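Please read it with the structure open beside you.

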Amino acid sequence: MKNRYLQSLLTRGQVILVTEAHGTTGGHRAWRPPLGCTAWWSAGPTTGHAGIGIVAKNGFLDRFDEPPQWTVIWPGRAGKLALRGREGALDIIVVYFHTGATVSELDLYGVHPGQRSMCTSFPALREQLRTRVGRSVARPETTLTILGGDFNWVPTAADRRSLITAETSGHRDQREENHFRNILGQPVRLHEMHQ
């Protein structure tokens, strides 16, 4: 079923960003992408936790002269596909920001040992991930960057609704949105494409 859905998405686009991939390194190596496509993956700590990937049509990749370069920014949480060619430079970054009720050992997977004591909450983990992604983004004068995925914070009042009351939860994550703008949005000159 998941493969069929992926194929249906590929009929409408050239590149698919995958979050919550829930795979293993071995499983990703064994999986074959749809015909005419190439895939890159980064597994989380277990099959039930995190995981990200990018699937791209080979015809799109052929527009770039150099071989694609896949960089894992944070295992299971962020990765970058760098494409370079005569038409320019393009970086595609997929992210899956932390979310949940209580930070577990699985959530700390990929956190640098010196940063673990600061990552006691999901906002703190997301801040660490935003900072790490920010360090891996090329200057906007040299490279077009597309950043997509699952961000898991609420920047505007209508972004999230209660399942019980259907009322909006408010923009209680404004501090996180400000951090995103300061680390990524303004320096890289990102512009949001609403869905």
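1. A crossing of two helices is left-handed if the near helix is turned anticlockwise from the far one by less than a right angle, and right-handed if clockwise. By that rule, α4 and α5 cross in the right-handed sense. Keep in mind throughout that this is a predicted model.

2. Stay with the two helices. The axes of α4 and α5 come within 9 Å. They cross at roughly 10 degrees. Angles under 35 degrees count as roughly parallel, and α4 and α5 are therefore roughly parallel to each other.

3. Next, the mixed sheet. Four strands make up an open sheet, and their order is β4-β5-β6-β7. The pairing in this sheet is mixed. Which strands stand at the edges? They are β4 and β7. Each has a single partner strand, so one side of each is left without a neighbour in the sheet. From one strand to the next, the twist averages 20 degrees.

4. Strand β4 covers residues 69-74 and strand β5 residues 78-85. The two pair in the antiparallel sense, over five bridges. Opposite Gln69 stands Ala82 in β5. Opposite Trp70 stands Leu81, also in β5. The hairpin of β4 and β5 has three residues between the strands. Gly76 in this hairpin takes a positive phi, near 75 degrees.

5. There is also an antiparallel sheet. Three strands form this open sheet, in the order β1-β3-β2. Its edge strands are β1 (15-19) and β2 (37-42), and each pairs on one side only. Here the twist averages 10 degrees from one strand to the next.

6. Within that sheet, take β2 and β3. Strand β3 spans residues 52-57 and pairs with β2 in the antiparallel sense over six bridges. Cys37 has Lys57 in β3 as its bridge partner. Thr38 is placed in strand β2. Is Thr38 buried or partly exposed? Its relative accessibility is 27%, so Thr38 counts as partly exposed. Thr38 and Ile54 are 16 residues apart in sequence, and their C-alpha atoms are 8.3 Å apart in space.

7. Now the aromatic rings. Ring centres must lie within 6.5 Å to count as a pair. By this rule there are seven aromatic pairs. One of them joins Phe97 and Phe151. This pair is stacked, with 5.6 Å centre to centre and 25 degrees between the planes. What does the pair tie together? Phe97 lies in the loop between β6 (88-96) and α4 (122-136), and Phe151 in the loop between β7 (144-150) and α5 (174-188), so the pair ties together parts that are 54 residues apart in sequence.

8. The two partners differ in burial class. Under 20% relative accessible area is buried, and over 50% is exposed. Phe97, at 1% relative accessibility, therefore counts as buried. Phe151, at 24%, counts as partly exposed.

9. Another pair joins Trp153 and Phe180. This one is tilted: 5.6 Å centre to centre, with 55 degrees between the planes. The pair links distant parts of the chain. Trp153 is in the loop between β7 and α5, and Phe180 is in helix α5, 27 residues apart. Trp153 has 7% relative accessibility, so Trp153 counts as buried. Phe180 has 14%, so Phe180 counts as buried too.

10. The two pairs belong together. Phe97, Phe151, Trp153 and Phe180 form one aromatic cluster. Trp153 also has a charge over its ring: the charged end of Arg130 sits there, 4.7 Å from the ring centre. Look at Trp74 as well. Arg132 lies over the face of Trp74, at 4.0 Å from the ring centre.

11. A last point on α5. Helix α5 holds Ile183. Ile183 has a relative accessible area of 29%, so Ile183 is partly exposed. How far apart are Ile183 and Ala166? They are 17 residues apart in sequence and 32 Å apart in space, C-alpha to C-alpha.

Key
Residues are numbered from 1 along each chain as its sequence is written. This is a predicted model: local features need pLDDT of at least 70, side-chain atom pairs count only at pLDDT 80 or more; totals for chains, interfaces and linings use all residues. Side-chain values use heavy atoms; hydrogens and water are left out. Rings of Phe, Tyr and Trp (its six-membered ring) pair if their centres lie within 6.5 Å; planes under 30 degrees apart count as stacked, over 60 as edge-to-face and the rest as tilted. Buried means under 20% relative accessible area, exposed over 50%, partly exposed in between (1.4 Å probe, protein chains only). A charge sits over a ring if NZ of Lys or CZ of Arg is within 6 Å of the ring centre and within 35 degrees of the ring normal. Two strands pair if DSSP finds at least two bridges between them. Axes are lines fitted to C-alpha atoms, for helices over the stretch in contact, and angles run from 0 to 180 degrees between N-to-C directions. Angles under 35 degrees count as roughly parallel, over 145 as roughly antiparallel, 65 to 115 as roughly perpendicular and the rest as oblique.
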